[in-house]
Amino acid sequence: MELMNIARVRWACRRGMLELDVLFQPFVEHEYQHLSDADKALFIRLLEGEDPELFAWFMGHETCPDPELARMVVQVRGREAP
């Protein structure tokens, strides 16, 4: 999978739900550049999800069925906004 440039990743983090914006935007600004290429690709794959599905995973209403994506959900949720 080809990695997106940072501007495209920032754009992909702009969601239709404020709750997701609040999680994704600080993560991409402060953590994304420190990820391995494999984890960058995983984060991009996570961003391809639909907002209701992502919301359910991040708010703990559902468990992500994909173990790799579930790991990324935990990593993004663990990031505290400054």
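Visitor: Is leucine 42 buried or exposed?

Guide: Leucine 42 is buried, because its relative accessible area is 7%, where buried means under 20%, exposed over 50% and partly exposed in between, with a 1.4 Å probe and protein chains only. Please keep in mind that this is a predicted model, in which local features need pLDDT of at least 70 and side-chain atom pairs count only at pLDDT 80 or more, while totals for chains, interfaces and linings use all residues. Residues are numbered from 1 along each chain as its sequence is written, and side-chain values use heavy atoms, with hydrogens and water left out.

Visitor: Where is leucine 42, and what does leucine 42 touch?

Guide: Leucine 42 sits in helix H3; helices (H or I, at least four residues) and strands (E, at least two) are DSSP runs numbered from the N terminus. Leaving aside residues up to four places away in sequence, leucine 42 touches Glu68, Leu69, Arg71 and Met72, contact meaning heavy atoms within 4.5 Å.

Visitor: What does arginine 71 form with aspartate 39?

Guide: Arginine 71 forms a salt bridge with aspartate 39, with the closest N and O atoms 2.7 Å apart; the term stands for a side-chain nitrogen of Lys or Arg within 4 Å of a carboxyl oxygen of Asp or Glu. This pair links distant parts of the chain, since arginine 71 is in helix H5 (residues 67-77) and aspartate 39 is in helix H3, 32 residues apart. Aspartate 39 counts as buried because its relative accessibility is 15%, whereas arginine 71, at 33%, counts as partly exposed.

Visitor: And which residues are linked with Arg71 in a network?

Guide: Asp39 and Glu68 are linked with Arg71 in a network of salt bridges. In the bridge between arginine 71 and glutamate 68, the closest N and O atoms are 3.3 Å apart, and both residues lie in helix H5, 3 residues apart, which is about one turn of the helix. Glutamate 68 has 41% relative accessibility and therefore counts as partly exposed.

Visitor: How many salt bridges does the structure hold?

Guide: The structure holds 5 salt bridges. One of them joins the side chains of aspartate 66 and arginine 45, at 3.1 Å from N to O. Aspartate 66 lies in the loop between helix H4 (51-58) and H5, while arginine 45 is in helix H3, so the pair ties together parts that are 21 residues apart in sequence. Aspartate 66 is partly exposed at 24% relative accessibility, and arginine 45 is partly exposed with a relative accessible area of 32%.

Visitor: New topic: how do H2 and H3 cross?

Guide: The axes of helix H2 (residues 18-30) and helix H3 (residues 37-47) come within 13 Å and cross at roughly 160°. Axes here are lines fitted to C-alpha atoms, for helices over the stretch in contact, and angles run from 0 to 180 degrees between N-to-C directions. H2 and H3 are therefore roughly antiparallel to each other, a term for angles over 145 degrees, with under 35 being roughly parallel, 65 to 115 roughly perpendicular and the rest oblique.

Visitor: Which residues make the contact?

Guide: H2 contributes Phe24, Phe27 and Val28, and H3 contributes Phe43, Leu46 and Leu47.

Visitor: Last one: is histidine 61 buried or exposed?

Guide: Histidine 61 counts as exposed, because its relative accessibility is 59%, and its place is the loop between H4 and H5.
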